[in-house]
Amino acid sequence: MFVGDSLSLNQWQSLNCMLHSALSPNTSSYTLVRYGTLSTFTFTEYNVSISFSRNAYLVDLDKCNSARVLRLNSVGSGSLWETSDVLIFNTWHWWLHSGRKQVWDFVEDGEKVIKDMDRLAAYKIALSTWAKWVEAKVDTNKTRVFFQGVSPDHINATEWLQPDGDGCVGQVKPLKGSTYIGGRHPAQVILKKVLSRMRKKVHLLDITTLSQLRVDGHPSIYVNTAHKYADCAHWCLGGVPDTWNQLLYAALFPQ
């Protein structure tokens, strides 16, 4: 089961496509079922199901007296996840959204309820809450737990020394080398610190640097026919998420 935001959806879609391509052209032994925020693709012939549970923050986002409250200390959806054989978590994409794209009115941290707070600080608290949930609720002898590293965007071309560039628009080649000029992603630094303090084993699917180098891997202006904006956050299918899934396969079935 993949748990997270639309970047988790990217990887889930990619994996389903890769597995589907391995089926016989004449087979129809698969189903797709959507129920609320849960989507499940099942290969019935093999009794294998791959689910995507949409939860952009991993912690709870609730309505309280018509106000939307982001509860940094609560993981209410966990019962849906904990019985899976493999869990792949992800969160980051929505943490910096503000204005009309911000989906909460208040942030709850312990007994404090405030209008807003430093987003990286909130992200760290939420990850720590998720880590405590894993420690308390997931039997890692039965369930393998992964965390997808932070998926970067390519909105600011100054990060790769193209100050006149329009983000990912017009990019047709990966950046050269193995080091991203813009440096380490701050959210990835926080994620690694949280994971390092956990007692239970969580495998980091460390895709951040390799994805940072793929400035060419986004839908860009081709995300829709109107060309009103360039999508420099999500990834083309097939493409970068296929590489993430190859790494996931290598981690699941080491040689």
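Student: What makes Trp104 count as buried or exposed?

Tutor: This is a predicted model, in which local features need pLDDT of at least 70 and side-chain atom pairs count only at pLDDT 80 or more, while totals for chains, interfaces and linings use all residues. Residues are numbered from 1 along each chain as its sequence is written, and side-chain values use heavy atoms, leaving out hydrogens and water. Trp104 has a relative accessible area of 2%, and buried means under 20%, with exposed over 50% and partly exposed in between (1.4 Å probe, protein chains only), so Trp104 is buried.

Student: Why is the aromatic pair of Tyr57 and Trp104 called edge-to-face?

Tutor: Rings of Phe, Tyr and Trp (its six-membered ring) pair if their centres lie within 6.5 Å, and planes under 30 degrees apart count as stacked, over 60 as edge-to-face and the rest as tilted. For Tyr57 and Trp104 the values are 5.8 Å centre to centre and 75° between the planes, which is edge-to-face. Tyr57 lies in the loop between β4 (48–54) and β5 (60–64) and Trp104 in the loop between β7 (86–89) and β8 (106–109), so the pair ties together parts that are 47 residues apart in sequence.

Student: How do you know that Tyr57 is buried?

Tutor: Tyr57 has 5% relative accessibility and therefore counts as buried.

Student: Which residues do ring pairs link into a cluster?

Tutor: The cluster linked by ring pairs consists of Tyr57, Trp92, Trp95, Trp104 and Tyr123. Within it, Trp95 and Tyr123 form an edge-to-face pair, with 5.9 Å centre to centre and 75° between the planes.

Technical notes:
Helices (H or I, at least four residues) and strands (E, at least two) are DSSP runs, numbered from the N terminus.
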